[in-house]
Amino acid sequence: MGDGRWRTAGRWRTAGSALVRVVVLWAVSTLTMLALAGLLPDFQLQSADGDSITRTALTAAWGAGAFGLLGALVWPVVVRALLLVPALVLGLLVFFLNGSLLLIALWLIPDGRGAADPETAVVVAAVMSAVASATSTALAVRDDDAYRRRLYRLADRTRPRAPSGGAQPVPGTLFLQLDGVGHRVLRDAVADGLMPTVAEWLDTTHRLTPWRTDWSSQTGASQLGILHGSNEDVPAFRWYEKDTGRLMVSNRPASAVELQRRAIERTGDGGLLTVDGASRGNLFSGGADQLALVLSMAARRGRRNRSRAGYFAYFSDPANAVRTALSFVAEVAREVAQSLRARVREETPRVSRGGAYPFIRAFATVVERDVVVAAVIGDVLAGRTAVYADLVAYDEVAHHSGPHGHDTDRVLARLDRSLALIAKVVEHAPRPYRIVLLSDHGQSPGETFESAYGLTLRDLVRVGCGLPVPRRVRRTPWGHPRTESGGGSEARDAARDALRSALHRPVDEDGGEGEVREAEGPDKAGPVVLASGNLGLISFPGVPHRMTREEIDRRHPALLRTLAHHPGIGFLLVASAEHGSVVLGRDGAEVPVAELADEADGPLAVFGRGAADAVRRTDGFPHVADIMVNSMYDPATGTVHAFEEQIGSHGGLGGEQTRPFLLWPVDFSPPPVDLAGAEQVHRVLRRWLWECHGPQVPLEISPSTRDAEALLPVDGPVVPDKNA
């Protein structure tokens, strides 16, 4: 009897507290509307003849209440109807949609006392939503239990049923990928105090180790191997397949679908997340049933399987939508300011950061982060067994700002705050969780190949093939005395002569950088030249098979020499009728692939341990290019030359790009000391799932995304509760 009275009293207290919060929010919104009406000449809350203060206040209260109700009832429907709109456009539409709701709210005010121009309505709606969000946070801070009650309410709504017999649920596992963050970058960020959450984990519950990527050190190869257990025949981020005439690009939906299909066919397994799993912000699904922002699912028909569907749960809350939109605008402004600062200071190396890039960066660092973190929080509160999420913010910024510096430091600090929020929510989950933090590759700094030498890799290939070159190649500095050290072999002289003679051939006026040039004949065909960071791929579409060195020399006698002896090139891989396949380096170095060794004084020695095995494995891929080109690497500075416009790059061998990290709980068995290749990382992660009975013991098959995902902020500080 006493317990019943206690529970009844508790429910009344909860209802009373909720009512108080609603009244406070209404009052604050009313005052905000009154203040804006006084400040903005195009925003009116009075009739044409004027009203008393009391009447104006009642009009503001009516308008604020109508706007709040419309936000709660209509906004989710509007956002769901716009799921087919591209995510970036949806983020920009948030302001205008919110403004439209305000105009409707003003129209609902009796006697037509509310009016605003459309442009003013957008401003008023944004300010009111931001103030309401800030007020909600302030109320949560004042009430010790508010934050925890909200988490429990969300958890209770989606909490799976506890196993019968009172058995404790087995732990779930969160795999959180910090895209592009290398082992050294993470250690430095922890040492510099940029990532206190990660620092605390390392001091108490986790251990850190580096691992080596494959030759193709990029997300497509690494994540396919990690999630699906096989990245066989993924030679680069983009490559040309002669048998189908298809250009494969890892971040295109059609290519991602095909790569995932091949991996599943090869392994006979759906992936790491096949039972009760969730995949968030990834290129591939990993076999998960719950998906959000998964590229390989983006081309599927049906709302449930579209990658954009993950946006609904976040943007259905207008406060979240406005918060993210405001952060989006702030990030665009931040990028413009940082780019301007780099130009004023004449920082080098530097690449162009204009055009659409500020918006692309803001999408990666704000919209994608907010949506993915919200989805992960929903997964945790739903008690899903295995979740793999990718946060791409650092990788995007590092490409254009460099892997080290003020710009990327700020991104790392914000990522750490997102990790702190997820860790706080884990405390309220219906099951314990183990958090594994990892990256798919690192990034290596360096000036671009074109900036360093005045020509692109495509230009250099056309030079070696005797094809027309752009007019600007006439100004190439290659052959300058500083590049001629190390002896003047006949091969080097021949390559330099080939370059010089080519400059007197017909000029390609457009100077374009097209990826594929249609063949005009077996000798006039323009080769397909593709760049994946500091890894280049050259294919001849007119020849159906992989060309050998001997065939290339007969058709283009100067090509291999021009490439191999260029100071910006580290080594080439090419098939050979005599030796199987060979690696060609500068100064005439030539080593059969079967005889490659890391320790030998050969062309791969500078690239470190594992380079020979990585090259040997790629040489066996069915779709390896006719000529694989890896840029130079300077171990003294850690720099490479990207063949695309990036001063922080990854995709080939050389430096930090091949040294990502794995940070795991001490409860798990340790990974191998020499952890090499994404496929081996997959086996380690799968073993850890087995150790806590992983996907084989879900609490319940995952509930719907709409019911599960928590709509919590990621920009503000984590609000502590009684368990802090």
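User: Which elements do the buried residues of helix 14 pack against?
Analyst: In this predicted model, local features need pLDDT of at least 70, side-chain atom pairs count only at pLDDT 80 or more, and totals for chains, interfaces and linings use all residues. Residues are numbered from 1 along each chain as its sequence is written, and side-chain values use heavy atoms, with hydrogens and water left out. Helices (H or I, at least four residues) and strands (E, at least two) are DSSP runs numbered from the N terminus, and contact means heavy atoms within 4.5 Å. The buried residues of helix 14 pack against helix 7 (183-191), helix 13 (357-382), strand 9 (386-391), helix 15 and strand 22 (648-649).

User: How many residues of helix 14 are buried?
Analyst: Buried means under 20% relative accessible area, exposed over 50% and partly exposed in between (1.4 Å probe, protein chains only). The buried residues of helix 14 include Asp395, Glu396, His399 and His400. Helix 14 is largely enclosed by the rest of the structure, because the buried count is nine of the nine residues.

User: How is helix 14 oriented relative to helix 15, roughly parallel or roughly antiparallel?
Analyst: Axes are lines fitted to C-alpha atoms, for helices over the stretch in contact, and angles run from 0 to 180 degrees between N-to-C directions. Helix 14 (residues 393-401) and helix 15 (residues 406-426) pack at about 175°, with axes 9 Å apart. Angles under 35 degrees count as roughly parallel, over 145 as roughly antiparallel, 65 to 115 as roughly perpendicular and the rest as oblique. The orientation of helix 14 to helix 15 is therefore roughly antiparallel.

User: Which residue follows helix 14 with a positive phi?
Analyst: The phi of this residue is near 95°. The residue is Gly402.

User: What is the angle between the planes of Trp664 and Trp688?
Analyst: Rings of Phe, Tyr and Trp (its six-membered ring) pair if their centres lie within 6.5 Å; planes under 30 degrees apart count as stacked, over 60 as edge-to-face and the rest as tilted. Trp664 and Trp688 are 6.3 Å apart centre to centre and form a stacked pair. The angle between their planes is 20°.

User: How many residues apart in sequence are the parts that this pair ties together?
Analyst: Both Trp664 and Trp688 are buried. Trp664 lies in strand 23 (residues 661-665) and Trp688 in helix 22 (residues 678-691), so the separation of the parts tied together is 24 residues.
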